[in-house]
Amino acid sequence: MSRSSEPIRQAVILAGGQATRLRPYTDTRPKAMVEVADRPIIDYQLEWLARHGVEHVVVSCGYKAEVLRDHLSGRDHPAISLLVEDEPLGRGGALRFAASGLKDAEAPYFALNGDVLTWFPLDEFTAYHRARGGLITLALAQYRTSWGIVDVTDSGLIEGFTQSPLLPFWINAGVYVFEPEATALLPAKGDHESSTFPDLARQGRLYGYRINGFWRGVDTVKDVKEASEQIPGLLGDAAG
């Protein structure tokens, strides 16, 4: 397995889902084209990847693919290849399908879900991955509950409330480093999180990198509104 010190220069983005929970935003566009603070999610992702040396990105799409094609047409930094699924392949199948469009099948690559907004140092992510020698490393985000927490003593006295705190658990952030050998382990159709990832975890070949930076999944209308309020204040110092 190659463990080059070279930066990772290629990536895939999964942008094919219908995202019914994001309607009406997704009535006319795919999830990755939903605007947060007046810009499509995929624009933030592409610029973040480009800042860290990524030169080629494969975008796997299906639903409303023509909207993505029109939006990405003519972009050359990074260079983009668009692959359209003939049928829904599931997230694992879509990853495998997207990887087939990479220019260097023997090199590692980043993979992103098309519904996440995040900024953290990809060079550190890569170094962490290589130091551990696994096949895939997942970026992990600390879980923030959408519920308020009641601070209560053993006697039942309520001392206060904490709205949507971070909890001591980590979730899959939807950003990965893949070694090229891992691509063949993905299902042709189906979900990698219920097949490939558990298998690699049992083999001790899967690692997690805890993000120290901004991360936000965009799954609902509420997420769009809240992220649109957060992003403008973060762009100045979160783009590293």
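Reply: Let us begin with A37, which lies in the loop between β2 (35-36) and β3 (39-40); strands are DSSP runs of E of at least two residues and helices are runs of H or I of at least four, numbered from the N terminus. The model is a predicted one, in which local features need pLDDT of at least 70 and side-chain atom pairs count only at pLDDT 80 or more, while totals for chains, interfaces and linings use all residues. Residues are numbered from 1 along each chain as its sequence is written, and side-chain values use heavy atoms, with hydrogens and water left out.

Me: Why is A37 called partly exposed?

Reply: Buried means under 20% relative accessible area, exposed means over 50%, and partly exposed is in between (1.4 Å probe, protein chains only). A37 has 23% relative accessibility and therefore counts as partly exposed. Phi of A37 is near 50°, a positive value in a residue other than glycine.

Me: What makes D38 exposed?

Reply: The relative accessible area of D38 is 69%, so D38 is exposed. D38 is placed in the loop between β2 and β3, and although not a glycine, D38 has a positive phi of about 70°.

Me: Why does E179 count as buried?

Reply: E179 counts as buried because its relative accessibility is 2%. This residue lies in the loop between β11 (166-178) and α5 (196-202).

Me: What makes the approach of E179 to H129 a polar contact?

Reply: A polar contact is a pair of N or O atoms within 3.5 Å; within protein, one must be able to donate a hydrogen and the other to accept it, and residues adjacent in sequence count only if both atoms are side-chain atoms. The side chains of E179 and H129 make such a contact at 2.8 Å.

Me: How many aromatic pairs does a search of the whole structure find, and what makes the pair of Y109 and F178 stacked?

Reply: The search finds 11 aromatic pairs. Rings of Phe, Tyr and Trp (its six-membered ring) pair if their centres lie within 6.5 Å; planes under 30 degrees apart count as stacked, over 60 as edge-to-face and the rest as tilted. Y109 and F178 are 5.2 Å apart centre to centre, with 10° between the planes, and the pair is stacked. It links distant parts of the chain, with Y109 in strand β6 (residues 109-113) and F178 in strand β11, 69 residues apart. Both Y109 and F178 are buried.

Me: What kind of pair do Y176 and F178 form?

Reply: Their pair is edge-to-face, with 90° between the planes and 5.9 Å centre to centre. Y176 is buried, as is F178.

Me: How do you know that R132 lies over the face of Y128?

Reply: A charge sits over a ring if NZ of Lys or CZ of Arg is within 6 Å of the ring centre and within 35 degrees of the ring normal. R132 is at 3.5 Å from the ring centre of Y128. Likewise, the charged end of R39 sits over the ring of Y44, 5.2 Å from its centre.

Me: Which residues form one aromatic cluster?

Reply: The cluster is formed by W48, F110, F120, F125, Y128 and Y209.
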